[in-house]
Structures are given as structure tokens and as C-alpha cells.
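Take the sequence first, then the fold.

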Amino acid sequence: MPRPRRFYDVIRIGPVQVASYYDGHGHTKHTATCTAPGCSFSTDKHDRAGAELAAKTHRCQP
Ligand SMILES: [Zn+2]
């Protein structure tokens, strides 16, 4: 799996991975990405809690 950014604090909630990373401009961002096959869910949040909430409430498309 390519890792274009330096992710840290990577956790998994169900099929969704939550990670934080530096955007290269002095900011930390938080992303939630679903790893389920066929699901392209991915979202960036400004705060970690928001990313984790998005992961917890995500439901894969049928
Ligand atoms: Zn999904």
C-alpha cells in the first residue's frame, strides 16, 4: 500500500482506518479511509475526534 504521507497514530475502527498526518505546510490533519473492497469512503477532518466519529458512523455502501 502506498504511503505518500507520514501517517501516525493509525488505528482501525471496523473496516475504516483513521490516521493523522502532517500536510507539509505545518498543519496536522486527520483522515478516515475505508479499506473495504469496493468502498471508496475517505474523508479528511480538522480534528482527530471528527475523523474517529466519521469512522465509527461509517456504513459501507451495499
Ligand atoms: Zn466502507
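Two strands pair if DSSP finds at least two bridges between them. Strands (E, at least two residues) and helices (H or I, at least four residues) are themselves DSSP runs, numbered from the N terminus. The model is predicted: local features need pLDDT of at least 70, side-chain atom pairs count only at pLDDT 80 or more, and totals for chains, interfaces and linings use all residues. Residue numbers start from 1 along each chain as its sequence is written.

## The overall plan

The protein chain holds four strands and one helix. Read from the N terminus, the order is β-β-β-β-α. The radius of gyration is 11 Å, close to the 11 Å that the globule rule gives for 62 residues, so the chain is as compact as a globular protein of that length. That radius is taken over C-alpha atoms, and the rule is 2.2 Å times the number of residues to the power 0.38. Along its principal axes, the C-alpha trace spans about 40 × 25 × 15 Å.

## The sheet

In what order do the four strands lie in the sheet? They form an open sheet in the order E1-E2-E3-E4, with antiparallel pairing. Strand E1 (7-13) and strand E4 (42-45) are the edge strands, and each pairs on one side only. From one strand to the next, the twist averages 20°. Angles here run from 0 to 180 degrees between N-to-C directions, and axes are lines fitted to C-alpha atoms, for helices over the stretch in contact.

| Strand pair | Bridges | Sense |
|---|---|---|
| E1 and E2 | five bridges | antiparallel |
| E2 and E3 | seven bridges | antiparallel |
| E3 and E4 | four bridges | antiparallel |

Now follow some partners across the sheet. Tyr 8 has Ser 20 in E2 as its bridge partner. Ser 20 also stands opposite His 30 in E3. His 30, in turn, has Lys 45 in E4 as a bridge partner. Another link to E4 joins Thr 33 to its bridge partner Ser 42.

Is E1 buried or in the open? Of its seven residues, the number buried is zero, so E1 lies largely in the open. A residue is buried if 20 or more other C-beta atoms lie within 10 Å of its own, exposed if 12 or fewer, and partly exposed in between; C-beta atoms are placed from the backbone. Asp 9 is in strand E1. With 11 C-beta neighbours inside 10 Å, Asp 9 counts as exposed. Its phi is near 55°, a positive value in a residue other than glycine.

## The helix and the core

H1 lies across E1, E2, E3 and E4, and runs at about 5° to E3. Ala 49 is in this helix. It counts as exposed, with 10 C-beta neighbours inside 10 Å. The C-alpha atoms of Ala 49 and His 30 are separated by 8.8 Å, though the residues are 19 apart along the chain.

Of the 62 residues of the chain, 16% count as buried. In soluble globular proteins, nonpolar side chains tend to be buried together. Which residues make up the largest nonpolar core? There are eight: Val 16, Val 18, Ala 19, Ala 32, Cys 34, Ala 51, Ala 54 and Ala 55. Such a core is a set of buried Ala, Val, Leu, Ile, Met, Phe, Trp, Tyr and Cys residues joined through C-beta atoms within 7 Å. Strand E2 (16-22), strand E3 (28-34) and helix H1 (48-57) each supply at least two residues of this core.

Take Val 18, found in strand E2. It is buried, with 22 other C-beta atoms within 10 Å. Leaving aside neighbours within four places in sequence, its contacts (C-beta atoms within 7 Å, placed from the backbone) include Ile 11, Ala 32, Ala 51 and Ala 55. The C-alpha atoms of Val 18 and Thr 33, 15 residues apart along the chain, are separated by 6.5 Å.

Cys 34 is another core member. Beyond four places in sequence, its contacts include Val 16, Cys 39, His 58 and Cys 60. Over the chain, among contacts between residues at least 6 apart in sequence, 20% join residues at least 24 apart.

Terms used: Two residues are in contact if their C-beta atoms, placed from the backbone, lie within 7 Å.
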